[in-house]
Amino acid sequence: MALCAKKRPPEEERRARANDREYNEKFQYASNCIKTSKYNILTFLPVNLFEQFQEVANTYFLFLLILQLIPQISSLSWFTTIVPLVLVLTITAVKDATDDYFRHKSDNQVNNRQSQVLINGILQQEQWMNVCVGDIIKLENNQFVAADLLLLSSSEPHGLCYIETGYLRQAIPVTSELGDISKLAKFDGEVICEPPNNKLDKFSGTLYWKENKFPLSNQNMLLRGCVLRNTEWCFGLVIFAGPDTKLMQNSGRTKFKRTSIDRLMNTLVLWIFGFLVCMGVILAIGNAIWEHEVGTRFQVYLPWDEAVDSAFFSGFLSFWSYIIILNTVVPISLYVRYVPSLPWGFSRESGGPIELLFSMKMKSLRSNLKSSSSCTVNI
């Protein structure tokens, strides 16, 4: 999996020569290996803890735990805070580890899919992760497209090709007759095109072959993740692989997501903590005044600790003691909630209220007007 994370210099243009891995390797293009998981064995603990302590409540209780370790201000045992905090962190970590395990499993499944690659004039079975830019791949009906391909030829007349969404793709006329393995093995055309980007509806490039150049457009491309339909076979030249494909460019990096409820909870905790600080300040001021006006009379019976040398310092220590005593105004149970069972690949972090709804209209439709005839709601 080391190839998945290999860093490369930024591109200004993409050059891919068919059937010439040695030429293409000098550009250090990404392999076709993908990685959607967030953690590994070494990074799981520090990264997961960092993400969890972005929750204000977790940081708040860690702060309380540190205060409770100071004997001069703590009247409660640190055990009362560390047990529920560790329990909450552990449960969340187990859930995150389980989610990431399935991401690793999915990545391995996708990276180890088989594809027919033309190598040295022979079609060979290769894992998706081993497919490189410039390789020529053969796809058969109902197969997933392994990478972003330039369609070269197909079993249909005029190099036509159908994909799952119903959209029609077509090879350029000069390559549409390259349906024979021997002809494809001799194909040495070079494509110069735009660098990797996330624009699904746009592609511009040029094919240079036999001292001629031919313009390329999005109509000539098969994108990773699509499924070949109603087409017996087709051949394509790999232009973008792995993280450079438009599918992966749009997926972005796996992040720690927060729902609107999480953001609201963080805001509420901050307001409650502000209220707690105000109460602590008022009580600490009252303590300092009492110690200065009245408490000094009881020094014989209730002497100050050795570290306390004034009423002001006594009030300062009392402030932190009140913060600890009144910590239950922010209950840790506020962040412990029931999470129902969800379909694979859909966790609490990826869920949330729907804000935008996208609808796709096929080219065969001329209008998409709908009207509501009736609606019945049972209350």
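This is a predicted model: local features need pLDDT of at least 70, side-chain atom pairs count only at pLDDT 80 or more; totals for chains, interfaces and linings use all residues.
Author: Residues are numbered from 1 along each chain as its sequence is written, and side-chain values use heavy atoms, with hydrogens and water left out.

Reader: Why is Ala 93 called buried?

Author: Buried means under 20% relative accessible area, exposed means over 50%, and partly exposed lies in between (1.4 Å probe, protein chains only). Ala 93 has a relative accessible area of 16%, and is therefore buried. Ala 93 belongs to helix α4; helices (H or I, at least four residues) and strands (E, at least two) are DSSP runs, numbered from the N terminus.

Reader: What is Ala 93 in contact with, leaving aside its neighbours within four places in sequence?

Author: Contact means heavy atoms within 4.5 Å. On that basis Ala 93 is in contact with Phe 44, Asn 48 and Gln 52, its neighbours within four places in sequence being left aside. Gln 52 is 41 residues away along the chain, and the C-alpha atoms of the pair are separated by 8.5 Å.

Reader: How do you know what span to expect of α4?

Author: The expected span of a helix is 1.5 Å times one less than its number of residues. With 33 residues, α4 is expected to reach 48 Å, and the 47 Å from its first C-alpha to its last is close to that value. The buried residues of α4, including Leu 85, Asp 100 and Val 110, pack against α2, α3 (56-68) and β3 (122-127).

Reader: What describes the packing of α2 with α4?

Author: Axes are lines fitted to C-alpha atoms, for helices over the stretch in contact, and angles run from 0 to 180 degrees between N-to-C directions. Helix α2 (residues 44-52) and helix α4 (residues 79-111) pack at an angle of about 120°, with their axes 11 Å apart. The contact is made by Phe 44, Asn 48, Leu 49 and Gln 52 of α2, and by residues of α4, among them Val 88, Leu 89 and Ala 93.

Reader: How are the residues of the contact of α2 with α4 divided?

Author: Ala, Val, Leu, Ile, Met, Phe, Trp, Tyr, Cys and Pro count as nonpolar, Asp, Glu, Lys and Arg as charged, and the others, Gly among them, as polar. The division is 6 nonpolar, 3 polar and 1 charged.

Reader: Where do β7 and β12 stand in their sheet, and why is one side of each left without a neighbour?

Author: Two strands pair if DSSP finds at least two bridges between them. The open sheet of 3 strands has the order β7-β6-β12, with antiparallel pairing. β7 (168-170) and β12 (228-229) stand at the edges with a single partner strand each, so one side of each has no neighbour in the sheet.

Reader: How do you know that β6 and β12 pair?

Author: Strand β6 (residues 160-163) and β12 are joined by 2 bridges in the antiparallel sense, and pairing asks for at least two. Ile 163 stands opposite Leu 228 in β12.

Reader: What makes β4 mostly covered, and which strands pair with it?

Author: In strand β4 (residues 136-140), 4 of its 5 residues are buried. Strand β2 (residues 114-119) runs antiparallel to β4 over 3 bridges, with Leu 118 and Ile 136 as bridge partners. Strand β13 (residues 233-240) and β4 pair in the antiparallel sense over 5 bridges, and Leu 139 stands opposite Cys 234 in β13.
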